[in-house]
Amino acid sequence: MTNVIQTTDNLKENRGPKLSTYITGFASSIFLTLIPYFLVTNHIGSTYVLLTVILFFALLQMIVQLIFFLHLGRETKPRWKLAVMISFVGIILIIVGGSIWIMAHLNYSMSLLQLNNLMQYGEGF
Amino acid sequence: MNSVTTLNLKKETENNDKTTLGFWIYLMTDLVMFGVLFATYTVLRGNTFGGPMDRNVFNLPFALSETLILLTSSFTCGLAILALQQKNKIQVILWFSLTFILGITFLILELSEFSKLISEGNSWQRSGFLSAYFTLVGTHGLHITAGLIWMIICLFKIWKEGLTSSLSRKLTLLSLFWHFLDIVWIFIFTIVYLMSGI
């Protein structure tokens, strides 16, 4: 009887997060915030390089917080949370990427003259 | 009796897992909404209509202090969950109170930034860029407000009822919500504030 209870206790202890997990997550999050901040305030690198780098740091920090704060890595075998998250991230990528792509293309393809004609003689958009 | 208690324990953890998964799915739909607002902001960023551009409006050190405060509140929220697992009522109240204070500090900073912008004549009516900015950051602020109300109710209930199993489930969900808002803020910090400094 005590044996069974002990094993369930062990199971709980192993599944639960520890103090070291939170401290690691907190410390690395601070670093991942400060590094892009100093890169931007000191204007290190060209615009596009800097843009890529700070987005990369944001993604990295998201992964760090998902693992250390939201404990996504501790989930047991049918990883439903992870599956739901991946499918939703797919939807978000399509919406965000698609919107930016379409709107940038719209701005690029339409000259100012065309725009003026549309506004003056046409019905507008 | 022994097998009954273990069975109950197993059933309880299973139910908790289901609740957590349901809440997780809600968080992901919320993330889709934020994703759309981010897309809107990125598209409208240059549409200033003769008004101020983003680099003239935002204060980077101020945004950094907001970020660090929210990050610390996320950390103290995690410590509250650790105390919850050890069934330490006083520590749970202490850490959640600290999270609440940090959260409300963040909210006050955000609102002071809004009021400063509005008093300078740069409200959401000024340009498409500012409309998108106020919508995105304001929605995050509303979520923070909802989280703070939730937290104060939970604190009151811990004080009155102690750490019951249904309450600890709610506290776990609250911590998920709070960490999620921190992740959304990282992207606001990067896409709104850091990109204005480039």
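A: A salt bridge is a side-chain nitrogen of Lys or Arg within 4 Å of a carboxyl oxygen of Asp or Glu. The structure shown above is a predicted model, and in it the count between chain B and chain A is zero salt bridges.

Q: How many residue pairs are in polar contact between chain B and chain A?

A: Between chain B and chain A, two residue pairs are in polar contact, both residues of a pair being at pLDDT 80 or more.

Q: How is the size of an interface described, and how much area do chain B and chain A bury between them?

A: The size of an interface is often given as the accessible area lost when the parts come together. For chain B and chain A, the area buried between them is about 4,100 Å², and 86% of it lies on carbon and sulfur atoms. On the side of chain B, the residues that lose the most area to chain A are Trp24(B), Phe75(B) and Ile198(B), which together account for 16% of what that side buries. The contact draws 44 residues from chain B and 45 residues from chain A.

Q: Into which domains is chain A divided?

A: Chain A has a domain 1, residues 1-74, and a domain 2, residues 77-125. Each of these domains of chain A gives four residues to the contact between them.

Q: How much area do domain 1 of chain A and domain 2 of chain A bury between them?

A: The two domains of chain A bury about 310 Å² between them, with 69% of it on carbon and sulfur atoms. In domain 1 of chain A, Leu66(A), Leu72(A) and Gly73(A) lose the most area to domain 2, together 83% of what that side buries. By class, the side of domain 1 that touches domain 2 has three nonpolar residues, one polar residue and no charged residues. Across this interface within chain A, zero salt bridges are found.

Q: What is a disulfide, and how many are found over all chains?

A: A disulfide is a covalent bond between the sulfur atoms of two cysteines. A search of the whole structure finds zero disulfides. For Cys77(B), the nearest cysteine sulfur is that of Cys154(B), 10 Å away. A disulfide requires the two sulfur atoms to be within 2.5 Å, and Cys77(B) is in no disulfide.

Q: Is Cys77(B) buried or exposed, and is Cys154(B) buried or exposed?

A: Cys77(B) is buried, with a relative accessible area of 0%. Cys154(B) is likewise buried, its relative accessible area being 4%.

Methods. Residues are numbered from 1 along each chain as its sequence is written. Chains are lettered from A and ligands numbered from 1 in the order in which they are written. This is a predicted model: local features need pLDDT of at least 70, side-chain atom pairs count only at pLDDT 80 or more; totals for chains, interfaces and linings use all residues. Side-chain values use heavy atoms; hydrogens and water are left out. Domain bounds come from an automatic or database domain assignment. Contact means heavy atoms within 4.5 Å. Buried area is the accessible area (1.4 Å probe) that two parts lose on being put together, summed over both. Ala, Val, Leu, Ile, Met, Phe, Trp, Tyr, Cys and Pro count as nonpolar, Asp, Glu, Lys and Arg as charged, and the others, Gly among them, as polar. Buried means under 20% relative accessible area, exposed over 50%, partly exposed in between (1.4 Å probe, protein chains only). A polar contact is a pair of N or O atoms within 3.5 Å; within protein, one must be able to donate a hydrogen and the other to accept it, and residues adjacent in sequence count only if both atoms are side-chain atoms.
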